[in-house]
Amino acid sequence: MTLLRTSTSPDAEAVSGRRAVAVVVCMQLAAALGYYAVMAHLVAHLRDGVGLAAGTIALVLGLRVAVQYALFLPFGPLVDRLGPRRAGMLACGLRTVAFGLLAVAQDVGTLLGSAMALAVGGALLHPCAQSLLARLPSASRSGGFGIYVVSGQIAAVAGPPAGLALLAEGFGLLAAVAAGAWAVAAVLFGLLPGAGRSSGPVDPRALVRGVADVVRDRTFARFAAVTAPSTLLATQVTTVVPLSVADSGQATLFFCVGAAGAAGVQPFLSRRGRGGRPWVLRAGLLCAGLSYPLVAALPLAADRQGAVLVAAAVLNGLGTGLTQTGTFHTIAGRAPRERVGAAIGVVNFLAGTVAFAGGLLVGRLFDAGAASVALVALAVLGAVSAAAVGRAGEQVSDQR
């Protein structure tokens with residue numbers, strides 16, 4: 001079975017493009033602001049407020065990431081079965097509970113419960129939000145996804161200082177406000193009509209078939225495999241930059257500039273269907289990879305360290321914005337409506353697996369005093385992946 005679309009007829013239950021974009025963007029702003037406001041200060045709270053050891057904190061938070069990425073594989077087709085509206089309400093409801101638990105967590109058991117609710121909610125949320133956008137007509141899809149990315153980057157920059165202001169009244173209030181933001185996001189999903197839900201009960205065999213249908217499309221499976229390093233290249237900076245700069249101010253500058261770069265490229269990609277062109281993803285992987293040699297050069301930059309830091313941040317931000325957009329448009333253009341969630345799940349599962357394993361390896365290299373080796377290896381990985389994606393992306397585009 002191939003994942004080529006067989007019909008472009010509008011679904012009778014499909015939401016209007018404008019309403020879907022408005023709801024998803026408002027949901028993204030509410031949810032992401034709540035998320036980043038808490039997560040920026042969570043480690044310090046668990047260490048200083050709850051009194052947990054660093055190893056325990058790392059284990060719980062690492063488990064949350066691992067579970068979330070593992071669940072992308074079955075939850076992608078689950079979104080196809082439930083429909084984006086019901087899946088989105090469930091995802092935001094779970095994260096409302098998760099942040100509510102964080103507000104009162106004083107032991108490892110409660111923290112684990114919160115981490116698992118965060119993982120399950122996140123594994124549902126991303127496929128359903130992108131499925132909604134992928135169902136839009138092609139004329140609206142580009143702009144809609146661009147606004148979605150921009151709103152997420154705005155939240156990434158605004159969330160931590162907003163959380164810091166609330167933290168003055170206590171972490172419990174901060175987490176409770178975040179839970180309220182996720183409850184608002186659940187209500188926003190409820191405003192959508194029940195679009196895209198498959199008939200019949202959720203059968204585990206149907207979820208397996210959804211994944212199997214995606215994997216059987218060899219061209220798309222090859223594309224998913226060669227793009228798997230994209231998440232590692234986009235997110236590993238959150239570990240290596242703080243370990244490579246002198247203070248938290250420099251790290252904050254890096255992340256703010258990177259977010260601006262990811263957001264700033266979206267208007268360009270939204271015009272004339274540029275986001276779906278094969279060169280976008282290839283350029284994104286190259287940019288993300290090239291940011292790491294600049295990070296490696298920071299200790300040697302002396303009086304030019306600020307300029308090198310900003311250049312690295314711009315490259316990584318551009319890489320993030322380009323890869324997110326290129327991957328989304330490839331999936332939206334390739335997968336049929338009833339398999340969009342499954343396709344997103346497969347791509348995210350592979351990318352998360354590589355990010356988890358790669359992050360462990362980079363950490364070991366840093367601990368062994370081989371930071372430069374790790375950073376150069378990330379750059380090489382970006383170049384190799386870009387070369388492979390160039391061919392795979394063209395094959396996917398040719399078969400749309």
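Buried means under 20% relative accessible area and exposed over 50%, with partly exposed in between. The exercises below apply these classes to a predicted model.

**Exercise 1. Describe the surroundings of R64.**

Find the nearest side chain of opposite charge to R64, and identify the side chain with which R64 makes a polar contact.

Step 1. R64 is buried and yet has no salt bridge, since a search for the nearest side chain of opposite charge ends at D107, 17 Å away.

Step 2. The side chain of R64 does make a polar contact, at 3.0 Å, with the side chain of Y35.

Step 3. Leaving aside residues up to four places away in sequence, R64 touches Y35, M39, R95, A115, M116, L118 and A119.

**Exercise 2. Work through the salt bridges.**

State how many salt bridges the structure holds, and determine which residues are linked in a network.

Step 1. Side chains of opposite charge can pair when their charged atoms come close. The structure holds 3 salt bridges.

Step 2. One of them joins the side chains of D48 and R47, with an N to O distance of 2.9 Å. Here D48 counts as exposed at 56% relative accessibility, whereas R47, at 48%, counts as partly exposed.

Step 3. Another salt bridge is formed by R216 and D213, whose closest N and O atoms are 2.5 Å apart. Both residues lie in helix 7 (residues 204-216), where a spacing of 3 residues corresponds to about one turn of the helix. R216 counts as partly exposed at 48% relative accessibility, while D213 counts as buried at 8%.

Step 4. D213 also forms a salt bridge with R339, the closest N and O atoms being 2.9 Å apart. Because R339 lies in the loop between helix 14 (305-334) and helix 15 (340-367), and D213 in helix 7, the pair ties together parts that are 126 residues apart in sequence. Both R339 and D213 are buried.

Step 5. Putting these pairs together, D213, R216 and R339 are linked in a network of salt bridges.

**Exercise 3. Compare helix spans with expectation.**

For helix 11 and helix 13, compare the distance between the end C-alpha atoms with the span expected at 1.5 Å a residue, and then list the buried residues of helix 11 and of helix 13.

Step 1. Helix 11 (residues 248-264) has 17 residues, and the 24 Å from its first C-alpha to its last is close to the expected 24 Å. Its buried residues are Q250, A251, F254, V257, G258, A259, G261, A262 and A263.

Step 2. Helix 13 (residues 278-297) has 20 residues, which should span 28 Å, and the 31 Å between its end C-alpha atoms agrees with this. The buried residues in helix 13 are V280, L281, G284, L285, C287, A288, G289, S291, Y292 and V295.

**Exercise 4. Count the disulfides and examine C128.**

How many disulfides are there, and which cysteine sulfur is nearest to that of C128?

Step 1. With a cut-off of 2.5 Å between cysteine sulfur atoms, the count comes to 0 disulfides.

Step 2. C128 is accordingly in no disulfide, the nearest cysteine sulfur being that of C92, 6.9 Å away. C128 is buried, with a relative accessible area of 0%, whereas C26 counts as partly exposed at 39% relative accessibility.

**Exercise 5. Relate A186 to the whole chain.**

Locate A186, list its contacts, and give the share of contacts in the chain that join residues 24 or more positions apart.

Step 1. A186 is placed in helix 6 (residues 171-190), and with a relative accessible area of 14% it is buried.

Step 2. Not counting residues up to four places away in sequence, A186 touches M89, C92 and G93. The C-alpha atoms of A186 and R86 are separated by 9.4 Å, although these residues are 100 residues apart along the chain.

Step 3. For the protein chain, 86% of the contacts with a separation of 6 or more are between residues 24 or more positions apart. The chain's secondary structure comes to 16 helices and 0 strands, and of its 400 residues 51% count as buried.

Conventions
Residues numbered from 1 in each chain as written. Predicted model: local features only at pLDDT ≥ 70, side-chain atom pairs only at ≥ 80, totals over all residues. Heavy atoms only, no water. Buried < 20%, exposed > 50% of the residue type's maximum accessible area, 1.4 Å probe, protein only. Helix = DSSP H or I, 4+ residues; strand = E, 2+ residues; numbered from the N terminus. Expected span 1.5 Å × (residues − 1). Salt bridge = Lys/Arg side-chain N within 4 Å of Asp/Glu carboxyl O. Lys, Arg positive; Asp, Glu negative; His and termini not counted. Polar contact = N/O pair within 3.5 Å; in protein donor to acceptor, adjacent residues only side chain to side chain. Contact = heavy atoms within 4.5 Å.
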